[in-house]
Amino acid sequence: MASPIPSLAQLVSEASSLYKNMFADDTPQIAVCAPGRVNLIGEHTDYNNGYVLPMALPLVTVVVGSPSINGDTVVVTASEHADEPRRVDLSLPKEGSTSSPCWANYVRGVIHHYRARPVPGFRAVVVSSVPLGGGLSSSASLEVAFYTFLQQLRPDDGDKLAKALACQQAEHTHAGVPCGIMDQFVSALGTEGHALLIDCRSLEAIPVPLADPQVVILITNSNVKHSLASSEYTVRRRQCEDAAAILGKSSLRDATMKDLEGSRAKLDDVTYRRARHVIAEINRTVKAAEALKNGAYQEFGQLMVESHNSLRDLYEVSCKELDELVSAAMEVDGVFGSRMTGGGFGGCTVTLLKATVVDGTIQHVQERYHGSPTFFVTTPSAGARALQLS
Ligand code: GLA
């Protein structure tokens, strides 16, 4: 069975009760949410100025809170992994190491990069239905949710692209992750019923309708996360920059397969394979968006599988758990395509399939997978927004 997705009302009510407990019966005045994302295709292309095709999820981070009475800034989070809510006073100097990308660093980063000053003190509670570290951008949704919260306290100019860029900066400077723009972009600008074809060079996005009741987007969480994920991400970025420099391009977006083959002798085998993935994946993403628009699901699914194979063999960011999930899903009649999604080395797969075969597919994957997967049946949702408090 797919896991239930808590409603916004449930999350807001959970966060509000926690707020009342933690802050002596005060009630929150502000509520906001920002979604996690799943990327349908276009992996490891964003930091190469290429195309990506993600959609915002109904899995969200919710922040409720109020301006603080004494100017302090206190944030509380309740996580499924902790026994007790964690309370951090951000007005106090930070204790301990700066290197661990714990949730409070993301909040600090967002405050640091917020585009209107001064940022007033506040009390806030965070709850989230985005699985932590599961490759569905729990961190981007936290950043964008906090930014949206600050917009209610001290409005900026409301520019959503600038907001996404500020949140990306927060991740770079305060979590030490040199991520691309995809996750923050779709969390801030996602559109209900649509995936977004984002051009990561011009930073423009075209919404691609995805609301056919006959097809379903199934997310399967492998529930594994290998420690290589963050160090290898940085290595891949550097390999792509090296490849672009050798090809005489400012990014791999500007390179063609012909350019790559023409310079093959100048590239070592690993750099060649990394570049080959990126150049082909950028092309695949444009084709896939067109196929989706035309309802050509078979073709879309085929491109998803090609993407997965390339991430496994050329880019080498998959792992045996993700490969197993993809192979198992592809054995079911009515599944159009399946692939790893996000940075890799664990996390989730995304599968496009006929609505009529969802239950059978979940059962089949559960039987085949050697670990304990969890499943979400999702639809493209809206980006970050303020919520009414009743
Ligand atoms: C992570 C990063 C994104 C993107 C993906 C890979 O999710 O945060 O910017 O690079 O990996 O496509």
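Let's start with Leu 292. This is a predicted model. Beyond its neighbours within four places in sequence, which residues does Leu 292 contact? Leu 40 and Leu 53, for two. Then Ala 195, Val 208, Pro 209 and Leu 210. Tyr 297 and Phe 300 complete the set.

Now the core around it. Leu 292 is among the residues with the most contacts inside the largest nonpolar core, which has 54 residues. Val 38, Leu 40, Leu 53, Leu 252 and Phe 300 are the others named there. Which element supplies the largest share? That is H8, with 9 residues.

On to a sheet. It is open, with 3 strands in the order E2-E7-E8, and the pairing is antiparallel. Which strands stand at the edges? E2 (51-52) and E8 (204-209). Each has a single partner strand, so one side of each has no neighbour in the sheet. Between E7 and E8, count 6 bridges. Asp 199 sits opposite Glu 204 of E8.

Last, the helix on that sheet. H5, residues 182-189, packs there and touches E2, E7 and E8. Its direction makes about 135 degrees with that of E7.

Terms used
Residues are numbered from 1 along each chain as its sequence is written. This is a predicted model: local features need pLDDT of at least 70, side-chain atom pairs count only at pLDDT 80 or more; totals for chains, interfaces and linings use all residues. Side-chain values use heavy atoms; hydrogens and water are left out. A nonpolar core is a set of buried Ala, Val, Leu, Ile, Met, Phe, Trp, Tyr and Cys residues joined through side-chain atoms within 4.5 Å. Buried means under 20% relative accessible area, exposed over 50%, partly exposed in between (1.4 Å probe, protein chains only). Helices (H or I, at least four residues) and strands (E, at least two) are DSSP runs, numbered from the N terminus. Contact means heavy atoms within 4.5 Å. Two strands pair if DSSP finds at least two bridges between them. Axes are lines fitted to C-alpha atoms, for helices over the stretch in contact, and angles run from 0 to 180 degrees between N-to-C directions.
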